[in-house]
Amino acid sequence: MDTITKTTVDTSKDSFPLNGTDYIEFYVANAKQSSFYYQMAFGYSLVAYRGPETGCFDTVSYVLQQDKIRLVLTSALTPDHEVAKHVLKHGDGVKVLALWVDDANYSYNKAIERGAESVKGLETLTDDNGEVKIASIKTYGETIHTFVERSNYNGAFMPGFEAREGIAPAKSVGLKYVDHCVGNVELGDMNKWVKFYQDVMGFKLLITFDDKDISTKYTALMSKVVSNGNGYVKFPINEPAKGLKKSQIEEYIDFYGGAGVQHIAIATDDIIFTVDQLRKNGIDFLYVPDDYYDTVTDRVGAIDEDLEELKRLNILIDRDEEGYLLQIFTKPVQDRPTVFYEIIQRKGAKSFGKGNFKALFEAIEREQERRGTL
Ligand code: FE2
C-alpha cells in the first residue's frame, strides 16, 4: 500500500472526494479598486486582507464573501512579481480555482500519482486560529487548482490574513454558491483536459455539446462538461470550432493570451431579486432581443415566474427532463473581453441552458462585432 496517499477520508465510493469550491482567486491590476467593485456592485462583504500591514510586502489580497462564495483579489506591489507578470500577459483573470478537501495531502499526492503537474507541495500554515493545509497542481493555461484543508481553522480566511470589514455594510444580492466554472482551451485541447479531470481527479463526463448544438450562422464551439463524484464541482471545457467567422472562444484566447477561465456561474434562489439588484448596481448584461419572449413558453412550458418580469430583466429560460432553469450572463467584468459571470437559478434542471445557446451566442457575436473581432 502506498503510505503517502494513506488517508482517514472515506475513498471507497469516490477516489477523489471534494467538498466544493473553497475560493476563486483573481490576479488583478488594482485589487483595492476591484474589491470595491465586488462589494458595491455584486454585494460581497470584505472579510479578510493580507498586505504590507500584515507583513506581506510584495502582494496585497482582499477576501470577499457572499453566502458560500469566496473570492480572493490579489495584486502585486512590485513590477517583477509573478502576479504582475500574470496581469501583464492575461489582464485581470482567474489564477486559482481552489477546491475544499478533507485531506489536502491525500488529494495532492493522489493527483500527482495520477499524472498531475505540481505547482507547490503541501504547506501547513498556522496562526492563533489554527492551521490550514494547502497544495497546488496545474490545470489548463496558467490556471491552477489549490487543495485546501481547513477543518482545524476558525479564522477569517487563512493564516497570514487578518479579518477586515468593508467601508460600508454589504448589501447581499442573494448570490449563494458557485454552480460551475467554465474553461476555454485552445483548438484541439478540449479532450485532453476532459481526460485530465477524468484520469487525475476521477471526474465523470456529464454532457457533450458539438458544433451543431452550439453554432450560429457565423461561429461555433464545442463543449464537454465534467463533474466530480458528488456533483458539487462542475467544469465545462470549451474549444473553438470552425465557423465562417471568429469564434468567441478564439477571441477569448487571443485576448487572454491562452487558455483560462471563461465564466463563473453563481447560483441564486431568487434570480428576479438578484438581477434586479445587480442592474440597479450598474452591472451590464448581454442583451437578448424581446422577441425571444414571444415563443419561449412554447419551448419551456409553464413556469412559476412572471414572464413580463423575466422579459424586463432579460432573464433566459430553459427546460430539461428534470425541470427548468433561469439564467443570464454579464458582459466581461474587465476591459479585455475575457472573464464574465452567469447568474443561474435551478428549478429542478441540472443542465446548462442548451435551448438558450443560439440566442446567447448571437448576443455575444453582436458584442464581438462592436469590438471588431468577429
Ligand atoms: Fe455556464
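Predicted model: local features only at pLDDT ≥ 70, side-chain atom pairs only at ≥ 80, totals over all residues.
Trainee: Why are His 180 and His 263 called buried?

Mentor: Buried means under 20% relative accessible area. His 180 has 3% and His 263 has 9%, so both residues count as buried.

Trainee: How do you know whether the radius of gyration of the protein chain agrees with that of a compact globule?

Mentor: For 374 residues, a compact globule would have a radius of gyration near 21 Å, and the protein chain has 20 Å, so the two agree. The C-alpha trace spans about 60 × 50 × 40 Å along its principal axes. Buried residues account for 55% of the 374 residues. The secondary structure consists of 9 helices and 17 strands.

Trainee: What share of the contacts join residues at least 24 apart?

Mentor: Among contacts between residues at least 6 apart in sequence, the share is 67%.

Trainee: Why is Gly 282 called exposed?

Mentor: Exposed means over 50%, and Gly 282 has a relative accessible area of 56%, so the term applies. Gly 282 sits in the loop between helix H6 (271–280) and helix H7 (292–300). Its C-alpha atom is 9.4 Å from that of Met 40, although the two residues are 242 residues apart along the chain.

Trainee: Why does Ile 207 count as partly exposed?

Mentor: Ile 207 has 23% relative accessibility, so that is its class. This residue belongs to strand E11 (residues 204–209). Leaving out residues up to four places away in sequence, Ile 207 touches Ser 223, Lys 224, Val 225 and Phe 352.

Trainee: And what makes Gly 20 buried?

Mentor: Its relative accessibility is 6%, and the limit is 20%, so Gly 20 counts as buried. Gly 20 is in strand E1 (residues 20–27). Beyond residues up to four places away in sequence, Gly 20 touches Ala 98, Leu 99, Trp 100, Tyr 232 and Val 233.

Trainee: What is the phi of Asp 67, and what is that of Asn 314?

Mentor: Most residues other than glycine have a negative phi. Asp 67 is not a glycine, yet has a positive phi of about 50 degrees. Asn 314, also not a glycine, has a positive phi of about 65 degrees.

Trainee: Where do Asp 67 and Asn 314 lie, and which accessibility class does each fall in?

Mentor: Asp 67 is in the loop between strand E3 (59–66) and strand E4 (69–76). With a relative accessible area of 43%, Asp 67 falls between the limits, so it is partly exposed. Asn 314 is in the loop between helix H8 (307–313) and strand E15 (316–320). At 4% relative accessibility, Asn 314 is under the 20% limit and therefore buried.

Conventions. Residues numbered from 1 in each chain as written. Heavy atoms only, no water. Buried < 20%, exposed > 50% of the residue type's maximum accessible area, 1.4 Å probe, protein only. Helix = DSSP H or I, 4+ residues; strand = E, 2+ residues; numbered from the N terminus. Rg over C-alpha atoms; globule rule 2.2 N^0.38 Å. Contact = heavy atoms within 4.5 Å.
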